[in-house]
Each structure stands twice: as C-alpha cells, then as structure tokens.
Amino acid sequence: QVQLVESGGGLVQVGGSLTLSCTASNSTFGNYPMGWFRQAPGKGREFVAIIADIGSSTHYAYSVKGRFTISRDNAKNTLYLRMTSLKPEDTAVYYCAPTMGEQNRFGTWGQGTQVTVSS
C-alpha cells in the first residue's frame, strides 16, 4: 500500500498561514481522491478537505471553508493544504489519506504533522 509522509507543520500565530505537504511513496497516489484530516487534543479525527483524483474538484469541511485550500501535484505524488487565517481551534495533528467520500479509503494513517496555533 501507499506510504504517506506529512510535513510542514509547526507553530504559527493566530491569523497566520502555513502550508502542509503530503508525499506518497509511489505513483498510485494519482489513482485516488485524496484528503486531509485532523485530530485535535482530546477529540476524534475529523475530515478537513478532499480533492478529486482527476481534475481539481474540491470539498471542504464547513469549519475551514474559505480559509484552507487543498491541491495536488500527481507528477510529484504530493498533496498540499494551504491554511490561512488560522485559529486556535485549528490546532491539531494533520493527516493525509486516500479517500472515499469524506472517509479514509483504507483506514490507515501515517504519523501526521503537528500544527499549533498560538494566541
């Protein structure tokens, strides 16, 4: 199966921006819709955004709509999440995964990347 490595997380101030990257181990990356998910401290993992395997159709969770932008570069086997106007509630570990609807297609997760938004 595809191995995914998330990166780009870090500490950012409220209102700031950050771009996350997700790199896949092989070209099968381009065969699936891809998504970003996150898990805040003490909470369950939630859907953030998805992008189609072909084309650039996207869908976002209401909480991030208008602030986050998901994109992909299949030639580089890479998924991105551009986050702007960050809020403290965006603090979470962010994960990427192939998706089916708003769910993880295979149910497996990488290590994720920590995003901390400070006041």
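**Entry 1. Overall build**

I counted the secondary structure elements and recorded zero helices and eleven strands in the protein. For this count, helices (H or I, at least four residues) and strands (E, at least two) are DSSP runs, numbered from the N terminus. The order along the sequence reads β-β-β-β-β-β-β-β-β-β-β. I next looked up the radius of gyration, which is 13 Å, close to the 14 Å that the globule rule gives for 119 residues, so the protein is as compact as a globular protein of that length. That radius is taken over C-alpha atoms, and the globule rule is 2.2 Å times the number of residues to the power 0.38. Along the principal axes, the C-alpha atoms fill a box of roughly 40 × 25 × 25 Å.

I noted that this is a predicted model, in which local features need pLDDT of at least 70 and side-chain atom pairs count only at pLDDT 80 or more, while totals for chains, interfaces and linings use all residues. Residues are numbered from 1 along each chain as its sequence is written, and side-chain values use heavy atoms, with hydrogens and water left out.

**Entry 2. Burial and contacts**

I found that 43% of the 119 residues are buried. Buried means under 20% relative accessible area, exposed over 50%, and partly exposed in between, with a 1.4 Å probe and protein chains only. I then examined contacts (heavy atoms within 4.5 Å). Among those between residues at least 6 apart in sequence, 56% join residues at least 24 apart.

**Entry 3. The nonpolar core**

Which residues have the most contacts inside the largest nonpolar core? I recorded Trp36, Leu79, Leu81, Met83 and Tyr94, in a core of 31 residues. At least two core residues come from each of strands S3 (18-24), S4 (34-39), S5 (45-51), S7 (68-73), S8 (78-83), S9 (92-100) and S11 (113-118). S5 gives the most, with five residues. The term covers buried Ala, Val, Leu, Ile, Met, Phe, Trp, Tyr and Cys residues joined through side-chain atoms within 4.5 Å. In soluble globular proteins, nonpolar side chains tend to be buried together.

I looked up the surroundings of Met83, leaving aside its neighbours within four places in sequence. Met83 is in contact with Gly16, Ser17, Leu18, Leu20, Arg67, Phe68, Tyr94 and Val115.

I also looked up Ser21, a residue of strand S3. Ser21 has 18% relative accessibility and therefore counts as buried. Beyond residues up to four places away in sequence, Ser21 touches Val5, Glu6, Ser7, Trp36, Thr78, Leu79 and Tyr80.

**Entry 4. The disulfide**

I found one disulfide in the structure, the term meaning a pair of cysteine sulfur atoms within 2.5 Å. Cys22 and Cys96 form the bond, with their sulfur atoms 1.9 Å apart. This pair links distant parts of the chain, Cys22 lying in strand S3 and Cys96 in strand S9, 74 residues apart. The torsion about the S-S bond of Cys22 and Cys96 is about 65 degrees, so the disulfide is right-handed. Both Cys22 and Cys96 are buried.

**Entry 5. Rings and charges**

I counted four aromatic pairs. Rings of Phe, Tyr and Trp (its six-membered ring) pair if their centres lie within 6.5 Å; planes under 30 degrees apart count as stacked, over 60 as edge-to-face and the rest as tilted. Phe37 and Trp109 have ring centres 5.1 Å apart and planes at 80 degrees, so this pair is edge-to-face. Phe37 is in strand S4 and Trp109 in the loop between strand S10 (103-104) and S11, 72 residues apart. Is Phe37 buried or exposed? Phe37 counts as buried, at 4% relative accessibility, whereas Trp109, at 33%, counts as partly exposed.

The rings of Tyr95 and Trp109 have centres 5.7 Å apart and planes at 65 degrees, so this pair is also edge-to-face. I noted that ring pairs link Phe37, Phe47, Tyr95 and Trp109 into a cluster.

The charged end of Arg45 sits over the ring of Trp109, 3.9 Å from its centre. Likewise, the charged end of Arg72 sits over the ring of Phe29, 4.7 Å from its centre. The criterion is NZ of Lys or CZ of Arg within 6 Å of the ring centre and within 35 degrees of the ring normal.

**Entry 6. Positive phi**

Most residues other than glycine have a negative phi. I recorded a positive phi of about 55 degrees for Asn77, which is not a glycine. Asn77 is placed in the loop between S7 and S8 and is buried, with a relative accessible area of 15%. Ser85 likewise has a positive phi, near 50 degrees. Ser85 lies in the loop between S8 and S9 and is partly exposed, with a relative accessible area of 40%.
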